[in-house]
Amino acid sequence: MKGSVDTYQHKGLRKQLVNKLRDKGITDENILTAINNIPRHFFLDSAFDKIAYEDRAFPIEEGQTISQPYTVAYQTELLEVKPYEKILEIGTGSVYQASVLAEMKAKVYTIERQKKLFEINRNFVFKGRYPNIKFFYGDGFEGLPTYAPFDKVIITAAAPYIPPKLIEQLKIGGKMVVPLDLGPVQQMLRITKLADGTYAEERFDNFSFVPMLEGKNGH
Ligand code: SAH
């Protein structure tokens, strides 16, 4: 069972988390407001109720994780999200990152390769609150050609390389934020697609993610 009651205590812990993210260098107030508005404990088993607002990753179903709030905020900040942008997310997981983007009024297209997680997310707690999230079961390396081009792409698993099809599906001037696997750690990269179809690359801090895997898992 996931958490479903948002108490004053939860709200207080959430405020503390937001202050911690601010102290760690997150400056985009729209991101901090989104994190303050979203009950993260609703995305976790109720066993995590008391610790849901610690700045940590936690396990979810199918051996996957909900990203650390700092990581979510960091990736979102690099993405420079603006209202009504079309954003493709690879790795739906708990739907927490997608919810932050949706709370910031983006149009979110999110892909998950684990069938069970995709099924669980059908009954996503905030379906009504975020009609601007569309869920897909598939392989993120393929992207969503039918819905392309996207303003932004965010990969929330460790990518072994920059997926070429996702570059193709970006608008010119569009950006992709991707943790690139360097072995023991992943370095956060921001890719900007150029007019000639190639891309420029900026490199940021190191993080730790579950792997981005080829193909789907389930029927
Ligand atoms: N954004 C998520 C983080 C989940 S962890 C959240 O906020 O909770 C990364 C997720 O990426 C896992 O659920 C994993 O199954 C998924 N994933 C890994 N490789 C993938 C791929 N090729 N296509 C789609 N999803 C993938």
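Modeller: One term before we start: contact means heavy atoms within 4.5 Å. Also keep in mind that this is a predicted model.

Colleague: Fine. With that in hand, which residues does Glu 85 touch, not counting those up to four places away in sequence?

Modeller: Glu 80, Ala 106, Lys 107, Asp 151 and Lys 152.

Colleague: And where is Glu 85 placed?

Modeller: In a loop. Helix H3 (69-79) is on one side of that loop and strand E3 (86-90) on the other.

Colleague: Does Glu 85 count as buried or exposed?

Modeller: Buried. Its relative accessibility is 11%, and the cut-off for buried is under 20%.

Colleague: What joins the side chains of Glu 85 and Lys 152?

Modeller: A polar contact of 2.9 Å. The Glu 85 side chain also has a polar atom 3.1 Å from the backbone nitrogen of Lys 82.

Colleague: Which polar atoms of Glu 112 and the ligand pair up?

Modeller: A polar side-chain atom of Glu 112 and an oxygen atom of the ligand, 2.6 Å apart. Backbone atoms take part elsewhere. A polar one of Gly 140 is 2.7 Å from a ligand nitrogen. For Arg 113, a polar backbone atom lies 3.3 Å from a nitrogen of the ligand.

Colleague: How much of the ligand does the protein bury?

Modeller: 99% of the 580 Å² that the ligand exposes when taken alone.

Colleague: Back to Glu 112. Which strand is it in?

Modeller: Strand E4. Glu 112 is also buried, because its relative accessibility is 7%.

Colleague: What does Glu 112 contact, leaving aside neighbours within four places in sequence?

Modeller: Gly 91, Thr 92, Gly 93, Leu 117, Phe 118, Phe 136, Tyr 137 and Gly 138. With Gly 93 there is a polar pair too: the backbone nitrogen of Gly 93 is 2.9 Å from a polar side-chain atom of Glu 112.

Colleague: Leu 117 and Phe 118 are in helix H5, residues 115-122. Which residues of H5 are buried?

Modeller: Lys 115, Leu 117, Phe 118 and Asn 121. Seen down the axis of H5, they fall within an arc of 165°, so they line one face of the helix.

Colleague: What covers the buried residues of H5?

Modeller: The cover includes strand E4 (107-112) and strand E5 (133-137).

Colleague: Now helix H4, residues 96-103. Why is it described as largely enclosed?

Modeller: Because seven of its eight residues are buried. They are Tyr 96, Gln 97, Ala 98, Ser 99, Val 100, Leu 101 and Ala 102.

Colleague: What about the phi of Lys 105, which follows H4?

Modeller: Positive, near 70°.

Colleague: Last topic, strands E8 and E9. Do they run parallel or antiparallel, and how many bridges join them?

Modeller: Antiparallel, with seven bridges. E8 covers residues 186-193 and E9 covers residues 199-207. As one of the pairs, Gln 186 has Phe 207 in E9 as its bridge partner.

Colleague: How many residues lie between the strands in that hairpin?

Modeller: Five. In the hairpin, Gly 197 takes a positive phi, near 90°.

Methods:
Residues numbered from 1 in each chain as written. Predicted model: local features only at pLDDT ≥ 70, side-chain atom pairs only at ≥ 80, totals over all residues. Heavy atoms only, no water. Buried < 20%, exposed > 50% of the residue type's maximum accessible area, 1.4 Å probe, protein only. Helix = DSSP H or I, 4+ residues; strand = E, 2+ residues; numbered from the N terminus. Arc of directions from axis to C-beta. Polar contact = N/O pair within 3.5 Å; in protein donor to acceptor, adjacent residues only side chain to side chain. Areas by Shrake-Rupley, 256 points an atom, 1.4 Å probe, with all protein chains shown as cover. Pairing = 2+ DSSP bridges.
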